[in-house]
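Let's take a walk through this model together, one chain at a time. Keep the viewer open as you read.

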Amino acid sequence: MTERRTQAQIPLKEFYTPEDTITLDYETQLNSPGRYPFTRGRQADLYGASGWIQRELSGEGDPVRSNEQIKYLISQGQMGIDVIGDSPSMAMLDPDHTLAANAVGTQGVSLCCLDDYRELYKGIPLDSISVSSSLPPIFALAGLYLVAKEGGVSPRRLRGSVLQTPFYAEDCGYAMQMPFNLRLRLSLDSMEFCARKMPKFHSFVEDTYFFSESGLNVVEEMALGFVEIRHLVREMIKRGVDIDSFAPRIAILVNCGMDFFEEIAKIRATRRLFARMMEEEFGAKDPRSLAVVITCHTSGLSLTAQQPFNNIVRGAVQTLSLVLAGVQAIEVSAFDEAYRTPSKESHLVGLRTQQVIHLETGVAKVIDPLGGSYFIETLTNELESRIWGMVQDIEARGDPAELSYEGWFRRFFQDAMERYGKQINEGRLLKVGANVHQIPDEEDTMLKEFTEKKFEPCWDRIEKIRLYKKGRNEKKNKEVLQKVHQAAKQPKASLVEPVLAAFGDGATMGEIAGVMRLAYDYPYDPHGLLEPPI
Amino acid sequence: MKNSRVLIGILGLDQHEVGAVAVARMLRDAGMEVVYAGRFNLPAMIVQTALQEDVDVIGLSVHSWEYLYYLPELMSLLEKKQVAIPLIVGGSIITRADEAGLKKMGIAAVFGPSATPQGIIDWITALSGENRGLRNKKYG
């Protein structure tokens with residue numbers, strides 16, 4: 001018989017007994033939900049009356065179309081908003097950039113100036129719904145802050161989050177072509193700003209989702225996540241910011257693959273590790289600083305292009321594991337994920353998956369129902385020790401900024417991509433419909449009418465943004481961009497206020513990002529196709 | 001016979017790199033020489049790199065719909081410059097209908113989600129051999 005192992009290659013026994021958990025100390029290692037070290041949950045009333053935040057990642061076309069999409073999802077019971085930008089927006093390029101031509105609005109919503117955010121959030125109650133995003137964080141923050149203020153909503157009431165990805169974004173996924181130090185500074189400045197002005201807003205979501213989609217296992221996913229969190233926390237402390245002023249607003253957006261129990265144990269181990277680290281190492285005192293908010297986007301990598309109906313089953317299984325682990329928000333990767341950003345149909349399936357599990361199964365009625373299981377507790381301990389071991393190992397390699405410049409992280413991700421590809425090709429990782437139980441392509445038709453439906457890029461938006469830029473006062477735009485450039489030149493200045501001012505005055509994301517790059521001796525346009533405006 | 005020399009690249013702002021990296025390493029393991037052009041390429045850059053690096057086959061990894069608009073431009077560039085290097089395309093988003101369209105356009109081979117590693121290697125080996133015979137002639 002082949003050896004039993006988890007997806008992260010942790011050896012498994014046939015069954016577990018009290019012997020396996022004999023050294024487990026309830027009070028110090030588990031404790032009740034809502035009590036240190038929060039292994040069993042961050043709050044005593046985990047899901048309250050309404051459940052976790054049930055939402056789906058949305059965004060396509062121009063901001064008007066995405067606004068309609070959001071309103072539809074809310075009408076169907078979505079409890080929070082999570083907006084994803086198209087690939088130009090993610091790369092901080094305006095739609096009129098040459099490289100963006102065929103990508104405007106196809107993999108998310110196209111957003112590049114304040115007018116876009118006004119349209120995106122039109123008629124949405126920003127004072128009562130949480131607004132999260134997969135967007136360049138400084139601009140998502142600026143857009144939300146400015147639109148809320150214009151609409152008479154105090155930024156102090158805003159809930160939601162932005163992802164901070166200074167470490168790994170360049171290496172696997174959302175390259176913005178900015179130097180490490182600038183990426184880091186933008187994150188830290190945003191966190192400082194939010195601690196003062198947006199106390200309910202999660203200014204630092206550690207996104208372990210996107211980089212683990214390169215094929216990392218759960219140990220690697222969380223270890224890299226902790227390395228980034230620890231670095232940002234240390235830098236904030238160096239700046240003299242009180243840990244308890246920003247730590248309660250750190251959250252982790254995790255991935256969720258198909259190894260059911262391992263994913264549950266990962267989340268429980270993460271809560272315990274985070275609490276101990278915050279208290280013992282960083283001296284946090286506020287209980288909210290110790291109990292980390294965990295949200296999840298279920299794995300797109302785990303889904304298949306073949307037999308897309310199987311993806312609905314995968315989403316349901318992953319959602320169940322997340323609810324059993326106890327998380328604060330869930331987005332289910334859509335069944336058409338292998339082909340496109342979610343269609344209306346797959347959005348509804350994702351939302352209904354969550355609603356069926358929440359309202360029909362009763363699994364959310366008791367917190368941490370698997371707590372005390374010989375197996376789950378053993379696996380939680382094992383993951384805790386492996387994740388921490390890897391954090392120590394990476395930190396022992398030296399300054400993460402250096403590691404990033406040397407390409408150490410990039411190689412790490414590339415090795416994982418290769419390993420994942422091999423596992424699938426060699427049949428060591430089974431994917432029903434893809435490398436086992438296949439059917440001929442011509443018979444694989446169920447749901448394909450949704451997965452294969454395409455729409456065109458928003459070409460008219462390119463012209464619209466060109467006209468928008470021409471319609472501005474060029475001299476004034478230059479001035480506001482110069483102010484951003486000057487601030488970026490001074491390492492001690494905060495970048496948030498000048499970015500807010502420039503964005504508020506009509507400068508675009510591409511322009512603001514470009515002048516910040518210039519201040520760090522990087523090219524204004526990473527692709528060498530645009531002239532700097534200043 | 002010298003080993004196949006293959007360019008692997010991604011077009012436009014498609015940032016999904018898992019497939020390209022996995023395929024590049026797989027081809028290397030199979031003894032081929034891989035010129036990895038990475039992300040953010042426009043058609044003209046692909047053609048230029050392919051010529052500079054004297055590759056036998058151009059392989060594009062596609063995980064966004066951008067390729068649908070870039071490939072006609074790329075094919076006509078190859079034709080205009082009389083470059084006889086076969087172009088192959090792979091990616092999980094390619095549907096059967098897309099595949100038919102691509103073949104019509106003159107793409108030498110298309111690898112959808114069900115392509116096998118050996119299938120890709122065999123195709124590239126065959127195309128490289130053919131290509132050497134056809135060098136400096138128009139690819140037909």
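A word on conventions comes before the tour: residues are numbered from 1 along each chain as its sequence is written, while chains are lettered from A and ligands numbered from 1 in the order in which they are written. Please keep in mind that this is a predicted model, in which local features need pLDDT of at least 70 and side-chain atom pairs count only at pLDDT 80 or more, whereas totals for chains, interfaces and linings use all residues.

Chain B has five helices and five strands; here helices (H or I, at least four residues) and strands (E, at least two) are DSSP runs, numbered from the N terminus. Along the sequence of chain B they follow the pattern β-α-β-α-β-α-β-α-β-α. For the 140 residues of chain B, a compact globule would have a radius of gyration near 14 Å, and the 13 Å of chain B agrees with that. The radius is taken over C-alpha atoms, and the globule rule is 2.2 Å times the number of residues to the power 0.38. Along the principal axes, the C-alpha atoms of chain B fill a box of roughly 35 × 35 × 25 Å.

How much of chain B is buried? Of its 140 residues, 47% count as buried, where buried means that 20 or more other C-beta atoms, placed from the backbone, lie within 10 Å of the residue's own. Contacts, meaning C-beta atoms placed from the backbone that lie within 7 Å, tell a further part of the story: residues 24 or more positions apart account for 75% of the contacts in chain B with a separation of 6 or more.

Now turn to where the chains meet. The contact takes 24 residues from chain B and 28 residues from chain A. On the side of chain B that touches chain A, helix H1 (18-29) and helix H3 (67-80) of chain B each supply at least two residues, and H1(B) gives the most, with five residues.

Five of the five residues of S5(A) are buried, so the strand is largely enclosed by the rest of the structure. Gly160(A), Val162(A) and Gln164(A) point one way from S5(A), and Ser161(A) and Leu163(A) point the other way. In general, side chains in a regular strand alternate between the two faces of the sheet.

S5(A) has strand partners, where pairing requires that DSSP finds at least two bridges between two strands. Strand S4 (residues 130-134) of chain A runs parallel to S5(A) and is joined to it by two bridges, with Val131(A) opposite Gly160(A). S5(A) also pairs in the parallel sense with strand S6 (residues 201-207) of chain A, over four bridges, and there Ser161(A) stands opposite His202(A). The chain crosses from S5(A) through helix H6 (residues 180-197) of chain A to S6(A) in a right-handed β-α-β crossover; right-handed means that, with the strands pointing away from the viewer, the path from the first strand over the helix to the second runs clockwise.

Finally, look at helix H8 (residues 218-238) of chain A. H8(A) is mostly covered, with 15 of its 21 residues buried. After H8(A) comes Gly240(A), whose phi is positive, near 85°.

Notes. A residue is buried if 20 or more other C-beta atoms lie within 10 Å of its own, exposed if 12 or fewer, and partly exposed in between; C-beta atoms are placed from the backbone. Two residues are in contact if their C-beta atoms, placed from the backbone, lie within 7 Å.
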